[in-house]
Structure formats: C-alpha cells, structure tokens
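Here is a short report on one protein chain.

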Amino acid sequence: MKFLPQFSRFDWGAFSRDKKFVSLGSRPWTDYETGVVKGTRVEVVIWEDKTPYRRKDPSDTQSNRFEKLTFNAAKTGVVPGDVEVVPVNAVATIYGDRRDQLSIVCDDVKVIDTKTGENK
C-alpha cells in the first residue's frame, strides 16, 4: 500500500511526559545537500524514564533509559553538555526499516535549572 506513513502519528507529548533529557552537547544542524546551517543539533540521553509502558509480561522492567536522541532545533546556538533540557514545540516522526528510529524537530531547546525547575 502507498502513502501509509501519512497516517502514522507519534505522540511526542505522551512519550516525553515522564522523561528527563540530559544534553551531551550540541553542534550546527546543516542541510545534507546544501550545507546550509538550519539550526542546532542537540545530542541528548534519556536520563530518567518513568513512563508506565504497557507490557505483556509484568516482570519486564525494560525502559528507554540511557537511549540517545537528537533534537534538531531551528534556533541556532550552543547547548552545553551535562544539563537537563527540553525541546520546545517538538514534532517527532518514526522512521527506519524496523520503525525503531525517532526524528525530532523542534523550535528551540531550553536548558532547565535543576534547582528551581525553570528555564534558564
């Protein structure tokens, strides 16, 4: 069947709700074909995953903790490593042969002050 991916949506809000993301650093996000800088790529790790996943086996304790992701932010800048971050207006798309990869595009990446819980 053709055009099925048009109807496949990923609920970023539900996926990210019970997670904390920690930055590993950033670099420019460039267009593969033209080399034009599109924004900032922020490499992150899922530091905390408290998502209540539906499991076939109740003894299964797997999570996505320590999985790496990339936030492709339209805003240019530098995000330091080892800080908690959240993407702003993120849209995620599942891709890959096994549909196990996640592409995340956002407007910006905000650094969270871990003492106050507020954006820096």
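## Basis

This is a predicted model: local features need pLDDT of at least 70, side-chain atom pairs count only at pLDDT 80 or more, and totals for chains, interfaces and linings use all residues. Residues are numbered from 1 along each chain as its sequence is written, and side-chain values use heavy atoms, without hydrogens and water.

## Fold

The protein chain has one helix and seven strands (DSSP runs: H or I of at least four residues for helices, E of at least two for strands, numbered from the N terminus). Their order along the sequence is α-β-β-β-β-β-β-β. The C-alpha trace spans about 45 × 45 × 20 Å along its principal axes.

Contacts are heavy atoms within 4.5 Å. Of those between residues at least 6 apart in sequence, 55% join residues at least 24 apart.

I104 touches W12, L69, T70, F71, N72, A90, V91 and A92, leaving out residues up to four places away in sequence.

## Burial and charge

Of the 120 residues, 30% count as buried, meaning under 20% relative accessible area with a 1.4 Å probe, protein chains only.

Side chains include 20 positive and 18 negative (Lys and Arg against Asp and Glu; His and chain ends are not counted). The centres of the two sets lie 2 Å apart, with charges placed at NZ of Lys, CZ of Arg, CG of Asp or CD of Glu.

Notes
Buried means under 20% relative accessible area, exposed over 50%, partly exposed in between (1.4 Å probe, protein chains only).
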